[in-house]
Amino acid sequence: MSDHLTVVTHPLVQHKLTLMRKRDTPTALFRQLLREISQLLAYEITRELELTTETVDTPLQPMDAPVLAGKKLALISILRAGNGLLDGVLELIPSARVGFVGLYRDEETLQPVQYYFKVPEALDDRLVIAVDPMLATGNSSAAAIDLLKKAGATNIRFLCLLAAPEGVARMKEAHPDVPIVTAALDECLNEKGYIVPGLGDAGDRMFGTK
Ligand SMILES: O=P(O)(O)OC[C@H]1O[C@H](OP(=O)(O)OP(=O)(O)O)[C@H](O)[C@@H]1O
Ligand SMILES: O=c1cc[nH]c(=O)[nH]1
Ligand SMILES: [Mg+2]
């Protein structure tokens with residue numbers, strides 16, 4: 001991917017995102033919509049995956065048919081809200097290897113606090129797609145990507161649902177080599193570091209906490 005930021009403007013993505021933003025959308029529907037959007041975003045972020053060919057026998061004759069090239073890609077969920085994107089993407093790419101970076105954002109300092117890290121082996125040989133629905137200050141995603149790079153990843157993409165300009169700028173400064181794919185670029189952050197207009201706290205809405 002050449003662009004640092006790609007906003008997926010597909011009408012289905014935009015319509016579903018609007019439903020997710022509504023205050024009264026219930027938890028079960030919120031999760032279902034996120035799963036549906038995650039697959040449309042995955043389509044976009046994987047559009048330039050390398051292909052090779054494999055000879056297969058169709059019922060009529062053999063042919064050289066396209067298959068994905070290289071080592072299986074790694075999906076990394078930034079816990080816990082990342083899991084809301086992970087499930088749908090994994091359904092689309094079931095052979096992907098999966099890792100988890102546990103981070104939560106301290107609500108006072110807006111700094112990430114790490115509590116878990118487990119990723120697949122040979123990250124340096126894989127395309128790594130890190131997923132987290134919300135890119136707000138960018139502190140969590142920048143820290144997660146630092147950890148992935150320390151673990152050897154060199155080819156990383158970041159998939160989110162909503163981004164704030166502040167978070168995109170932070171990522172561009174810290175990780176200019178990591179393309180971002182999102183469904184929307186919102187206006188700004190409020191004084192508590194929430195994306196506005198946004199959709200609130202993705203993890204809480206997804207899991208019914210708070
Ligand atoms: O860009 P930032 O300012 O760092 O904010 C974004 C982070 O905040 C949310 O996670 P949260 O800390 O709420 O944890 P959770 O996923 O467990 O709810 C979100 O899922 C991101 O990880
Ligand atoms: O708006 C925001 C900002 C951080 N995390 C969220 O879930 N929502
Ligand atoms: Mg949260």
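The model is a predicted one, where local features need pLDDT of at least 70, side-chain atom pairs count only at pLDDT 80 or more, and totals for chains, interfaces and linings use all residues. Residues are numbered from 1 along each chain as its sequence is written, while chains are lettered from A and ligands numbered from 1 in the order in which they are written.

F158 also has a partner on another strand: A130 bridges to it in β9. Strands β9 and β11 (residues 180–182) run parallel and share two bridges. Two bridges are also what it takes to count as a pair, since strands pair if DSSP finds at least two between them. Between β7 (residues 127–131) and β9 (residues 155–159), again parallel, there are five bridges, and L127 sits opposite N155 in β9.

Zooming out, these strands belong to an open, mixed sheet of seven, ordered β1-β11-β9-β7-β4-β5-β6. β1 (5–7) and β6 (112–118) are at the edges with a single partner strand each, so one side of each has no neighbour in the sheet. From one strand to the next, the twist averages 20°. Angles like this run from 0 to 180 degrees between N-to-C directions, using axes fitted to C-alpha atoms (for helices, over the stretch in contact).

What packs on the sheet? Helix α3 (residues 83–92) does, touching β4 (74–79), β5 (97–105), β7 and β9; contact here means C-beta atoms, placed from the backbone, within 7 Å. The direction of α3 makes about 160° with that of β4. Helix α4 (residues 139–150) lies across β4, β5, β6, β7 and β9, at about 135° to β5.

As for the whole protein chain, it has six helices and 14 strands. Its radius of gyration is 18 Å, close to the 17 Å that the globule rule gives for 210 residues, so the chain is as compact as a globular protein of that length. That radius is taken over C-alpha atoms, and the rule is 2.2 Å times the number of residues to the power 0.38. Along the principal axes, the C-alpha atoms fill a box of roughly 65 × 35 × 30 Å. Among contacts between residues at least 6 apart in sequence, 63% join residues at least 24 apart.

Methods
Helices (H or I, at least four residues) and strands (E, at least two) are DSSP runs, numbered from the N terminus. Two residues are in contact if their C-beta atoms, placed from the backbone, lie within 7 Å.
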